[in-house]
Amino acid sequence: MNGMFITVEGPDGSGKTTQLNLLVEALNSKGYEVVVTREPGGTTVGNSIREVLLSPEHHEMTPRVEMMLYAASRAQNVDQIIRPALARGAVVLCDRFVDASIAYQGYGLQYDMDQIESLNEWATSGITPDVTFLFDLTPQRAQERMKDRGQLDRIESRDQAFHQRVYEGFHALLNKYPERMILIDADQSVECIHDEVLDATLERLKNRGVKL
Ligand code: TMP
């Protein structure tokens, strides 16, 4: 693939989406072709799956189905958006990807890790991010920020022990993939974080030889 695939991850309330939007603006103004997507969602099919996944009404959803729906949204995103954009040399920015399934369904729900990995191998057809920014915020700080957000969705409203396991899951991934994952202290000003993310992105784009 010619382009570069960047993902952002972190707990709910870590500010990753704000940072992703700022990064898109900065890369666009430098002349890069940037394609933005998210998970679950990013496509019409994916957005419909997102509604099913996040609706608080669906409290009966079993972990197996939850995992499959995240993977289904991801497969549509890969086929329709991510793979074609990378093939033509674009920078693809995706708000969450497979790491989220490992952290939330693997560590959070304690679902079988081998099954999560094989299902995701199928869903992504082996596409993995070149760089992942992990926005680091303790579950306690994340919860304080979420208070201002109004009604919580089905995943956000899980208990503190779940969110603690998700947090630990992200850190386990950071240890496993130290080259790919860049830890960002999410408890700094929006401007500071943006500068850090932009500098790291430009350096990786240069090293990879992605053209304007
Ligand atoms: P978002 O709020 O970052 O858009 O993500 C939606 C929710 O879905 C968030 O609580 C994290 C969760 N999630 C998973 O549990 N597994 C996944 O694979 C993904 C992509 C998201």
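A polar contact is a pair of N or O atoms within 3.5 Å. The model is predicted. The ligand sits in the largest pocket, and the shell around the ligand numbers 14 residues.

- For Arg74, the distance between a side-chain N or O atom and an oxygen atom of the ligand is 2.9 Å.
- Asp12 also has a polar side-chain atom 2.9 Å from a ligand oxygen atom.
- On its own the ligand has 480 Å² of accessible area, and the protein covers 95% of that area.

**Make-up of the shell**

- The residues that come nearest to the ligand are Lys16, Tyr70, Arg96, Ser101 and Gln105.
- Sorted by class, the shell consists of six charged, six nonpolar and two polar residues.
- Three helices supply at least two shell residues each: α2 (44–54), α3 (63–87) and α4 (98–108).
- Helix α4 gives the largest share of the shell, with four residues.

**Backbone features in loops**

- Arg96, one of the residues that come nearest to the ligand, has a positive phi of about 80° although Arg96 is not a glycine.
- The loop that holds Arg96 runs between β3 (91–95) and α4.
- A cis peptide bond links Glu39 to Pro40, with omega near -10°.
- Pro40 belongs to the loop between β2 (34–38) and α2, and α2 is among the helices that supply residues to the ligand shell.

**Aromatic pairs**

- The structure contains three aromatic pairs.
- One of them joins Tyr104 and Phe162 in a tilted arrangement, with 6.1 Å from centre to centre and 50° between the planes.
- Tyr104 is in helix α4 and Phe162 is in helix α7 (residues 160–176), so this pair ties together parts that lie 58 residues apart in sequence.

Definitions and conventions
Residues are numbered from 1 along each chain as its sequence is written. This is a predicted model: local features need pLDDT of at least 70, side-chain atom pairs count only at pLDDT 80 or more; totals for chains, interfaces and linings use all residues. Side-chain values use heavy atoms; hydrogens and water are left out. A residue is near a molecule or strand if one of its heavy atoms lies within 4 Å of it. A polar contact is a pair of N or O atoms within 3.5 Å; within protein, one must be able to donate a hydrogen and the other to accept it, and residues adjacent in sequence count only if both atoms are side-chain atoms. Accessible areas come from the Shrake-Rupley method with a 1.4 Å probe; for residues, only the protein chains shown count as cover. On a 1 Å grid over the protein atoms alone, a cavity is a set of points where a 1.4 Å probe fits but cannot get out, and a pocket is an open set with protein on both sides within 12 Å along at least five of seven lines; lining residues have an atom within 4 Å of a point. A molecule sits in a cavity or pocket if more than half of its atoms lie within 2 Å of its grid points. Ala, Val, Leu, Ile, Met, Phe, Trp, Tyr, Cys and Pro count as nonpolar, Asp, Glu, Lys and Arg as charged, and the others, Gly among them, as polar. Rings of Phe, Tyr and Trp (its six-membered ring) pair if their centres lie within 6.5 Å; planes under 30 degrees apart count as stacked, over 60 as edge-to-face and the rest as tilted.
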